[in-house]
Amino acid sequence: MLSTAPRTRRRTFIAASATLAGAVALCGLVALAPSASAGEFLTNGGFETGSLSGWTCDAGTAAVVSGQAHSGTYALQGTPSASGTAQCKQSVSVAPNTTYTLTGQVKGSYVYLGVDGGASTWTPGTGSGYAALSVSFTTGASQTSAAVYVHGWYGQPAYLADDISLQGPGSGTTTPPTTPPTTPPTTPPTTPPTTPPTTPPTSPPPSGGLPTHALVGYLHETFANGSGYTKLADVPDSWNIIDLAFGETSSPTSGSIHFTRCSASECPGVESDADFKAAIKAKQAKGKKVLLSIGGANGEVQLTTTAARDAFVSSVSGIIDTWGLNGIDIDFEGHSLSLNTGDTDFKNPTTPVIVNLISALKTLKAKYGSGFVLTMAPETFFVQMGYQYYGSGPWGGQDPRCGAYLPVIYAMRGDLTLLHVQDYNSGSIMGLDNQYHSMGGADFHIAMTDMLLTGFPVAGNTANMFPALAPSQVAIGLPASVNAGNGYTAPAAVDQALDCLTKKTNCGGYTTHGTWPALRGLMTWSVNWDKFSNWEFQKNFTSYFG
């Protein structure tokens with residue numbers, strides 16, 4: 001986010017990215033165990049017994065059908081539900097330190113083939129015919145069994161699967177399927193795979209009392225810049241969440257946050273505290289949410305100790321209570337969040353600044369209850385860049401801030417009202433298509449948002465998946481005008497991104513992994529800059545969503 005003026009991107013980020021690209025490419029070159037004569041390890045992979053013999057399937061979701069086979073007579077038909085993927089699984093005996101290849105023919109939308117705890121592959125859609133899926137995996141040093149699976153996706157139509165085969169060295173257990181499997185390359189790709197997670201959010205996310213599509217904007221409240229001061233009472237009713245920028249700290253490691261309104265000398269026309277408080281109540285009476293945004297480009301916060309954590313909770317609570325706010329927005333930038341060396345599991349972080357922030361947010365949520373609105377506005381470096389790099393990396397030397405928001409988002413996913421990553425002031429970021437995307441056009445917003453709504457393997461590790469957020473938890477962050485920051489996107493391109501993500505039309509060259517009509521909306525820096533530009537951003541949002 002920006003505070004007093006548009007800021008340039010840090011040169012250290014660009015340099016680190018260039019240096020790390022070669023190192024991570026080398027990480028992708030994994031030597032596979034040599035293959036001897038192949039045997040078949042699955043039972044009834046072609047379902048030609050006319051039954052589910054050999055397979056264990058989710059109750060009531062799978063059947064063997066005739067007349068729709070890829071080869072032979074029978075095929076598996078799975079019917080997902082809103083809460084299930086119609087998974088069928090088979091456990092087999094395997095040898096340690098051995099490479100196996102799982103293949104199959106599938107038909108339908110979002111069909112997955114993989115091995116428990118390891119690699120998987122999928123297709124977003126096969127059209128009217130079957131498509132081949134293939135994935136290889138290597139067993140561990142003491143592994144003697146593996147469970148392979150096929151499944152669809154939540155709420156999607158029924159899928160078909162046939163001719164599933166697990167090939168590896170040795171005699172196997174059964175005869176091969178009626179059609180030969182597709183042989184994958186002997187060397188995996190040097191770029192990370194694009195496998196989405198196989199589990200949805202664990203519980204329905206909080207709605208925060210927001211409309212189906214919401215407009216979020218930051219209001220300059222503690223400083224002045226070229227956009228001019230805007231009174232809260234003068235913010236149009238189109239804005240559903242108003243983030244008061246910013247709550248800051250005079251000492252980054254103290255944890256104590258202050259919210260000091262702009263003075264009349266710096267912000268001519270600023271309203272009195274009484275009028276400001278009355279404006280907050282008036283907005284809330286209309287269903288709007290007024291939040292304290294903490295951080296910004298100049299507001300570094302590092303909760304390095306439990307004392308800092310407790311000071312953070314106490315001071316933030318005081319601000320919320322003083323002004324009668326609905327919640328907070330976490331806009332930590334700069335060096336507020338970074339990962340200690342060796343902290344490699346985003347699901348179980350050990351770095352104090354991460355652990356203490358999570359603890360503080362959970363404490364605030366528990367104190368204020370279900371109506372507490374929690375939003376986050378990280379930069380792409382701290383979120384989507386985690387697809388390639390996480391923390392200091394396996395050998396050290398990477399920027400330890402890379403992907404550092406992921407453990408916070410993951411830990412708070414059940415309490416997070418809205419995540420609106422800043423799709424601006426960003427370098428090029430690799431998307432799930434393993435191509436780099438640059439800010440300023442529809443393609444960037446489509447690719448970055450697709451990552452949040454699909455999920456991705458952290459640092460390319462398919463055994464360490466960052467799960468998809470619910471569409472209602474995600475908004476796209478953009479600058480309101482060319483004056484507001486790098487990465488301004490013209491209204492037509494904003495509409496193109498929304499078309500692609502919510503309707504799967506007008507996508508250009510990027511193919512999304514789903515269609516999300518419930519995408520919550522848009523965020524912008526800032527209300528002030530939008531007013532400066534004759535409300536272009538707000539008008540376009542209203543025109544698109546009605």
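Predicted model: local features only at pLDDT ≥ 70, side-chain atom pairs only at ≥ 80, totals over all residues.
Local features need pLDDT of at least 70 and side-chain atom pairs count only at pLDDT 80 or more, while totals for chains, interfaces and linings use all residues. Residues are numbered from 1 along each chain as its sequence is written, and side-chain values use heavy atoms, with hydrogens and water left out. The protein has nine helices and 23 strands; helices (H or I, at least four residues) and strands (E, at least two) are DSSP runs, numbered from the N terminus. Three disulfides are present, a disulfide being a pair of cysteine sulfur atoms within 2.5 Å.

**Overall make-up**

- Of the 546 residues of the protein, 55% count as buried; buried means under 20% relative accessible area, exposed over 50%, and partly exposed in between (1.4 Å probe, protein chains only).
- The accessible surface of the protein comes to about 20100 Å², and 53% of that belongs to carbon and sulfur atoms. Accessible areas come from the Shrake-Rupley method with a 1.4 Å probe, and for residues only the protein chains shown count as cover.
- Among contacts in the protein with a separation of 6 or more, 77% are between residues 24 or more positions apart, where contact means heavy atoms within 4.5 Å.

- Numbered in sequence order, the bonded cysteines of the protein pair as 1-2, 3-4, 5-6.
- Cysteine 57 and cysteine 88 form a disulfide with their sulfur atoms 2.0 Å apart. This pair links distant parts of the chain, 31 residues apart: cysteine 57 lies in strand E2 (residues 56–57) and cysteine 88 in strand E5 (residues 88–93).
- The torsion about the S-S bond of cysteine 57 and cysteine 88 is about 110°, so this disulfide is right-handed. Cysteine 88 has a relative accessible area of 0% and is therefore buried.
- Cysteine 262 is joined to cysteine 267 by a disulfide with an S to S distance of 1.9 Å. The link of cysteine 262 and cysteine 267 is right-handed, with 80° about the S-S bond, and both cysteines are buried.
- Cysteine 500 is joined to cysteine 507 by a disulfide with an S to S distance of 2.1 Å. The torsion about the S-S bond of cysteine 500 and cysteine 507 is about 100°, so the disulfide is right-handed; cysteine 500 and cysteine 507 are both buried.
- Cysteine 402 counts as buried because its relative accessibility is 3%.

- Seven of the seven residues of strand E14 (residues 289–295) are buried, so E14 is largely enclosed by the rest of the structure.
- Strands of a sheet pair through backbone hydrogen bonds, either parallel or antiparallel. Two strands are taken to pair if DSSP finds at least two bridges between them.
- E14 pairs in the parallel sense with strand E13 (residues 241–247) over six bridges. Isoleucine 242 has valine 290 in E14 as its bridge partner.
- E14 also pairs in the parallel sense with strand E15 (residues 327–331), over five bridges. Serine 293 stands opposite aspartate 329 in E15.
- E13, helix H2 (residues 273–285) and E14 make a right-handed β-α-β unit. A crossover is right-handed if, with the strands pointing away from the viewer, the path from the first strand over the helix to the second runs clockwise.
- A right-handed β-α-β unit is also made by E14, helix H3 (residues 306–323) and E15.

**An antiparallel sheet**

- Five strands form an open sheet in the order E2-E5-E10-E7-E8, with antiparallel pairing.
- E2 and strand E8 (120–123) stand at the edges with a single partner strand each, so one side of each is left without a neighbour in the sheet.
- Strand E7 (residues 111–115) and E8 run antiparallel and are joined by four bridges. Leucine 113 stands opposite threonine 121 in E8.

**Helix H9**

- The buried residues of helix H9 (residues 536–545) are Phe537, Gln538, Asn540 and Phe541.
- Seen down the axis of H9, these buried residues fall within an arc of 165°, so they line one face of the helix. The arc is that of the directions from the helix axis to the C-beta atoms.
- The buried residues of H9 pack against strand E12 (214–220), strand E22 (475–479), helix H7 (491–503), strand E23 (521–525) and helix H8 (527–532).
- Glycine 546 follows H9 and has a positive phi, near 80°.
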